[in-house]
Amino acid sequence: MKDNSKRVVTLVLLGWLCLALGLGGWFYNASAPVVAVTVWMLTAFVLLGCWKITPIREWVLDIDLRWLVLFQVTRLFAGAYFLVLCQRGELPCGFARPAGWGDIVVAVLALAVVGAMRTDFAKPLLLIWNTLGLIDIIFVVFSALRFGLKDWQSMHAIRELPLSLLPTFLVPLIIASHVLIFIRLARAGTNLRYR
């Protein structure tokens with residue numbers, strides 16, 4: 001991988017993180033539809049950047065596939081925090097429990113998938129896991145919207161730091177990484193490439 005590609009990706013991600021942190025105050029009063037639209041627009045921007053910006057496209061197509069899978073381990077922390085907030089009464093348990101446990105399961109399975117990457121069944125395993133992971137994160141986004149529409153204040157924790165980084169930063173990257181794994185699997189044909 002070219003050093004220039006690494007630098008561009010690093011600078012873009014750091015810039016985006018700073019912007020996401022800056023949105024913290026504005027996001028506090030955002031409605032549930034605005035939060036959902038933010039997730040989908042940022043996901044579209046990530047995928048568009050992966051397609052149109054040459055250094056980012058080179059990086060995405062060259063990065064070891066295991067890193068895209070291991071990125072999903074971040075969901076372990078988000079999922080566990082959802083469960084904590086449910087216990088504290090700061091998030092509706094109807095949202096937090098399925099979202100939290102789903103994220104935890106996907107994250108733990110990501111470790112198992114990476115461990116099995118050099119086996120004969122790596123590609124079907126990765127395909128099944130990636131499909132489940134994408135379905136789970138889409139469920140989380142729509143579940144957050146549903147609970148937010150039902151009771152706007154019940155989802156206040158999602159609009160405040162540190163959880164406001166989920167819709168403004170982490171969730172779009174998670175969705176995009178699932179899409180990119182599918183693209184990489186399709187490009188790999190019958191042979192699963194790690195790079």
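The largest cavity in this predicted model holds about 260 Å³ of space. A cavity here is a set of points on a 1 Å grid over the protein atoms alone, where a 1.4 Å probe fits but cannot get out; its volume is the space filled by probe spheres set on the points, which are joined across faces, edges and corners. The structure has one cavity of 30 Å³ or more.

Lining residues, those with an atom within 4 Å of a point, number 25 for the largest cavity, and Val-35, Val-140, Ala-144, Ile-158 and Pro-167 are the closest to its centre. By type, the lining comprises 20 nonpolar, two polar and three charged residues. Nonpolar means Ala, Val, Leu, Ile, Met, Phe, Trp, Tyr, Cys and Pro; charged means Asp, Glu, Lys and Arg; the others, Gly among them, are polar.

Two or more lining residues come from each of α3, α6 (74–88), α7 (93–115), α8 (122–150) and α9 (165–188). Helix α8 gives the most, six residues. Helices are DSSP runs of H or I with at least four residues, numbered from the N terminus.

Helix α3 (residues 32–52) also packs against α4 (residues 54–62), at an angle of about 95° and with the axes 5 Å apart. The two are therefore roughly perpendicular, a class that covers 65 to 115 degrees. Axes are lines fitted to C-alpha atoms over the stretch in contact, and angles run from 0 to 180 degrees between N-to-C directions.

In contact (heavy atoms within 4.5 Å) are Gly-49, Cys-50, Trp-51 and Lys-52 of α3 with Thr-54, Ile-56, Arg-57 and Val-60 of α4. These contact residues divide into four nonpolar, two polar and two charged.

Residues are numbered from 1 along each chain as its sequence is written, and side-chain values use heavy atoms, without hydrogens and water. Local features need pLDDT of at least 70 and side-chain atom pairs count only at pLDDT 80 or more, while totals for chains, interfaces and linings use all residues.

Notes:
Parallel < 35°, antiparallel > 145°, perpendicular 65-115°, else oblique. 1 Å grid on protein atoms, 1.4 Å probe; cavity = no way out; pocket = protein on both sides within 12 Å on 5 of 7 lines; lining within 4 Å.
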